[in-house]
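Hi,

Here is the structure I said I would pass on. Have a look at it first, and then read on for what turned up.

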Amino acid sequence: MAKKNAFYAQSGGVTAVINASACGVIETARQHKKEIGKVYAGANGIIGALREELIDTSKETAKTIAALKHTPSGAFGSCRYKLKSLEENRAEYERLIEVFKAHNIGYFFYNGGGDSADTCLKISQLSEKMGYPIQAIHVPKTVDNDLPFTDNCPGFGSVAKYVAVSIKEAALDVASMCETSTKVFIMEVMGRHAGWIAAAGGLAAQEDGDAPHIILFPEIAFNKEKFLKKVNTTVKKHGYCVIVASEGAQYKDGKFLADAGSVDAFGHTQLGGVAPTLANMVKDELGLKYHWAVADYLQRAARHIASATDVEQAYAVGQAAVEMALEGKNAVMPAIIRGKGKRYKWTIEEAPLAKIANVEKMMPRSYITRDGFGITEAGRAYLEPLIQGEDYPPYKNGIPQYAKLKKVMVEKKLKTKFKI
């Protein structure tokens, strides 16, 4: 088979370890120069392919590529752009195939979450029909930890570690001042429909009475009266109350507490801040002094406190994606499979994209306490291994040092431009 080039792109919200997956893809491809030519990275995700804006990773040194393993965010640029169906916008697919043909690209590695899996599946199905077969492999990534088949998603372990550490430290602050100051502290974390990140905050509680005292999950319908009663009881018992709230906390009818009344690029409801919403409830109904914080981008960018397990797994799925492509696989995703037994072990296996795209994995009810405000021992047993170990980036003058790419662009071969 003639040697083909590879296309790699990052999609959706970035993580502390998505570049470790990029490192895994690029380094593994470089070890197979007889089968894979160059690895081109899309500038700003799939948009880079549509615009024929390709970064030639062969122009980066081995040292720079290796540095991606400890660099947060999306080194090549990411995007929130979901391809429509072939029937809705055939021009997008024709453009992709046109670009892939022009640059002899036969391998497509798309690093992202559920929407990216959908895009990867569409390309694998439709490219052959359009006369130019592409081996499309999805590289899993999402802090939301909501992809099916895989035990966990690269990116989640690090955000989980950040949230657990942050809520523990903030709780100590609140506890030290609660006699004369703040009684209630609320930290809002990501998680639209699945409460995995919020659940991770529960790891901070190691003894009875430890914070967080309340966790709000999207999977558990929010009850205002029950919530306020729990807050009031906790303050009376401990002197303060610490809350971790998922941005996707919602009422019984499915309406988000923080529905901003608009949608994002993927058609998802835009959420406007559950922490201040809850804080106002506490103030208006209980009259307690409060503070709130939104972890926002900090939680997913915190490479300085990344989970070593997460870094290792992120690299492994990138490496496995290339190996699967070399084995002739198509429309699959490297999935992390947890081993049995008390000692944490994991392996990588392939999972079919047809059963992954557009499917969300929610928190099992068995991981949430009966009252709906905490995590069970089963939940703790699942979460704890994912935050283990430290993998610090190199520091200089007290500041982490991250990869700086040249980002040499590949010369365009097509005369036509494509508008997004």
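How much space lies in the second largest pocket? About 440 Å³. Before you go further, keep in mind that this is a predicted model.

**The pocket**

The second largest pocket has 21 lining residues, and nearest its centre are Asp208, Gly209, Asp210, Pro212 and His213. If you want to set up something there, the make-up of the lining may interest you: eight residues are polar, eight are charged and five are nonpolar. Two helices, H8 (224-238) and H12 (377-383), each give at least two residues to that lining. H8 has the largest share, with four residues.

**The cavity**

How many cavities of 30 Å³ or more does a search of the whole structure find? One. The largest cavity holds about 30 Å³ of space. Around it sit Tyr93, Leu96, Ile97, Ile123, Leu126 and Ser127, and the elements that contribute two or more residues to this lining are H4 and H5. Five of the lining residues are nonpolar and one is polar, with no charged residue in the set.

**H4 against H5**

That brings us to the two helices themselves. The axes of H4 (residues 90-102) and H5 (residues 114-129) come within 11 Å and cross at roughly 75°. Angles of 65 to 115 degrees count as roughly perpendicular, so H4 is roughly perpendicular to H5. On the H4 side the contact is made by Tyr93, Leu96 and Ile97, and on the H5 side by Lys122, Ile123, Leu126 and Ser127. Sorted by class, this contact has five nonpolar residues, one polar and one charged.

**H1 against H11**

The other helix pair I'd point you to is H1 (residues 18-30) with H11 (residues 308-326). Their axes are 7 Å apart and the packing angle is about 40°. Which hand does the crossing of H1 and H11 have, left or right? It is right-handed. H1 brings Ala20, Ser21, Cys23, Gly24, Val25, Glu27, Thr28 and Ala29 to the contact, while H11 brings Val311, Ala314, Tyr315, Val317, Gly318, Gln319, Val322 and Glu323. Nine of the residues in the contact of H1 with H11 are nonpolar, five are polar and two are charged.

That's what I have for now.

Cheers

Conventions. Residues numbered from 1 in each chain as written. Predicted model: local features only at pLDDT ≥ 70, side-chain atom pairs only at ≥ 80, totals over all residues. Heavy atoms only, no water. Axes fitted to C-alpha atoms, helices over the stretch in contact; angles between N-to-C directions. Parallel < 35°, antiparallel > 145°, perpendicular 65-115°, else oblique. Contact = heavy atoms within 4.5 Å. Nonpolar A, V, L, I, M, F, W, Y, C, P; charged D, E, K, R; others polar. Left-handed = near helix turned anticlockwise from the far one by under 90°. 1 Å grid on protein atoms, 1.4 Å probe; cavity = no way out; pocket = protein on both sides within 12 Å on 5 of 7 lines; lining within 4 Å. Points joined across faces, edges and corners; volume = space filled by probe spheres on them.
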